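Subject: Structure handover

Hello,

Here is the structure for you to look over. My notes follow it.

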Amino acid sequence: PGSRKRPVEAGADVLHDVDAVTQRVASSLLKSMRTYIPGSRLCVPQTKDATVVLSRKMAPADVRRLRLSYVRWVAGHPPANATEAGVAASFLEYVGAQFR
């Protein structure tokens, strides 16, 4: 029974960085929602090539809820790429998977 692997936990510095990056991405998402056309690709300045397609506009409460749940999730599942662009891309992927 030693075959079960425990998830690696993110350190406080990683969580602080993730929190800061996701706050910037969330701000960018909220700004983009003003002119977003559902079904089109959405990108944020924090990442060059990651995009997300949403079926409807997100309300500020949706963005806050997803950001907080992502930060909690990252505590047990640190991103493979902890750079700003890597975290931003991971967060966009999370948003796309959670917000349908």
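From the N terminus on, the elements of the protein chain run α-β-β-α-α. The total is 3 helices and 2 strands. Helices (H or I, at least four residues) and strands (E, at least two) are DSSP runs, numbered from the N terminus.

This is a predicted model, in which local features need pLDDT of at least 70 and side-chain atom pairs count only at pLDDT 80 or more, while totals for chains, interfaces and linings use all residues. Residues are numbered from 1 along each chain as its sequence is written, and side-chain values use heavy atoms, with hydrogens and water left out.

Overall dimensions: the C-alpha atoms fill a box of roughly 50 × 25 × 25 Å along the principal axes. Buried residues make up 38% of the 100 residues in the chain. Buried means under 20% relative accessible area, exposed over 50%, partly exposed in between (1.4 Å probe, protein chains only). Of the contacts with a separation of 6 or more, 62% join residues 24 or more positions apart. Contact means heavy atoms within 4.5 Å.

The core: the largest nonpolar core has 25 residues. Such a core is a set of buried Ala, Val, Leu, Ile, Met, Phe, Trp, Tyr and Cys residues joined through side-chain atoms within 4.5 Å. Val25, Leu29, Leu54, Met58 and Val95 touch the most other members. Helix 1 (12-33), helix 2 and helix 3 (84-98) each supply at least two residues of this core. Beyond its neighbours within four places in sequence, Val25 is in contact with Val44, Gln46, Ala88, Phe91 and Leu92.

Helix 2: this element spans residues 60-76. Helix 2 has 17 residues and reaches 25 Å from first C-alpha to last, close to the 24 Å expected at 1.5 Å a residue. The expected span is 1.5 Å times one less than the number of residues. Its buried residues are Asp62, Val63, Leu66, Arg67, Ser69, Tyr70, Val71, Val74 and Gly76. They pack against helix 1 and helix 3.

Is Arg67 buried or exposed? Arg67 is buried because its relative accessible area is 11%. Leaving aside neighbours within four places in sequence, Arg67 is in contact with Asp19, Thr22, Gln23, Ala26 and Phe91. Arg72 is also in helix 2. At 60% relative accessibility, Arg72 counts as exposed. Arg72 and Gly11 are 61 residues apart in sequence and 12 Å apart in space, C-alpha to C-alpha.

Helix 3: there are 15 residues here, reaching 21 Å from first C-alpha to last, close to the 21 Å expected. Gly86, Val87, Ala88, Ser90, Phe91, Leu92, Tyr94 and Val95 are buried. Their cover includes helix 1, strand 2 (52-53) and helix 2.

The pairing of helix 2 and helix 3: they pack at an angle of about 115 degrees, with their axes 10 Å apart. Axes are lines fitted to C-alpha atoms, for helices over the stretch in contact, and angles run from 0 to 180 degrees between N-to-C directions. Leu66, Arg67, Ser69, Tyr70 and Trp73 in helix 2 meet Val87, Ser90, Phe91, Tyr94, Val95 and Gln98 in helix 3. These residues divide into 7 nonpolar, 3 polar and 1 charged. Ala, Val, Leu, Ile, Met, Phe, Trp, Tyr, Cys and Pro count as nonpolar, Asp, Glu, Lys and Arg as charged, and the others, Gly among them, as polar.

Best wishes
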